[in-house]
Amino acid sequence: MQIATTVIQEARARDTLGILAEMTDGETDAAVSADSAAGALAYLTEMSPDLRGGAILDSEGAVLAASGRPERWREDAAALLAAADGAGDEPVEQLHVATEQGEVFATRHGGLTALAVTDRFALASLLLFDMRAILHDLARGAPNAT
Amino acid sequence: MPPKPHRVLLDRVSAYADEAAAYVRRRRVARKPFARLYYPEGRAADHAADSRAGAELFVAAGRLIEVAGKRPKP
């Protein structure tokens, strides 16, 4: 038993270092490909029946994937995120704007930003959970969860 | 003749469902536009449409809604 305990502790120390080395510290190291982002956006569209459109942006604000016109998504998303960041004293992590015409959601993780536009009265918590999940997968380079 | 026990239960469940449906209808009619921002430590902030930040958020969100267009039909 004494030997087994020592081995387990050595393994724990070694594996903990491995786990910490794999963890991201807010910014994703690997460049996310447009194909991966398009797959993630397609997955989000499939999961969210209220979704009208969406986009995934990289840390520079460039569009990795979008439903529709990428240039318009880039410009209008930048304006929305700038307005959101300017409203407080720190960058926002998520936002939810509900209007009479529809609802807009955005969330950030690992240097990536996901945006979604839905019909009114979409299930906000579920949609934001799905958006965070696809960003987590993209940030750690996981294949699409499809 | 008294109603069968299962009828009483069904009527009660139906009454609760009707109440819930009416509540959701009232909530939808009464709900006003809002802009809510969430920060990393869990804090959230609402911005009224007549505030400067709120107005900017609603304008920018309106443009994104326009870009997204209508939901594609299945």
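Reply: Gladly! Strand 1 (residues 34-38) of chain B and strand 2 of chain B run antiparallel and are joined by four bridges. One facing couple is B:Leu37 and B:Ala45, the latter in strand 2 of chain B. This is a predicted model, where local features need pLDDT of at least 70 and side-chain atom pairs pLDDT 80 or more, while totals for chains, interfaces and linings use all residues. Residues are numbered from 1 along each chain as its sequence is written, and chains are lettered from A and ligands numbered from 1 in the order in which they are written.

Me: What makes strand 1 and strand 2 of chain B a pair?

Reply: Pairing requires at least two bridges found by DSSP, and these two strands have four. Strands themselves are DSSP runs of E with at least two residues, and helices are runs of H or I with at least four, numbered from the N terminus.

Me: Why is one side of strand 2 of chain A left without a neighbour in the sheet?

Reply: Seven strands form an open sheet in the order 2(A)-1(A)-5(A)-4(A)-3(A)-1(B)-2(B), with antiparallel pairing. Strand 2 (63-66) of chain A and strand 2 (44-47) of chain B stand at the edges with a single partner strand each, so one side of each has no neighbour in the sheet.

Me: Why is A:Ala37 called buried?

Reply: A residue is buried if 20 or more other C-beta atoms lie within 10 Å of its own, exposed if 12 or fewer, and partly exposed in between, with C-beta atoms placed from the backbone. A:Ala37 has 24 of them within 10 Å, so the residue counts as buried. Its place is in helix 2 (residues 34-47) of chain A.

Me: What does A:Leu80 touch?

Reply: Contact means C-beta atoms, placed from the backbone, within 7 Å. Leaving aside residues up to four places away in sequence, A:Leu80 touches A:Val104, A:Ala106, B:Leu57, B:Ala60, B:Ala61 and B:Leu64. A:Leu80 is also among the residues with the most contacts inside the largest nonpolar core, which has 48 residues. Such a core is a set of buried Ala, Val, Leu, Ile, Met, Phe, Trp, Tyr and Cys residues joined through C-beta atoms within 7 Å.

Note on methods:
Contact = placed C-beta atoms within 7 Å.
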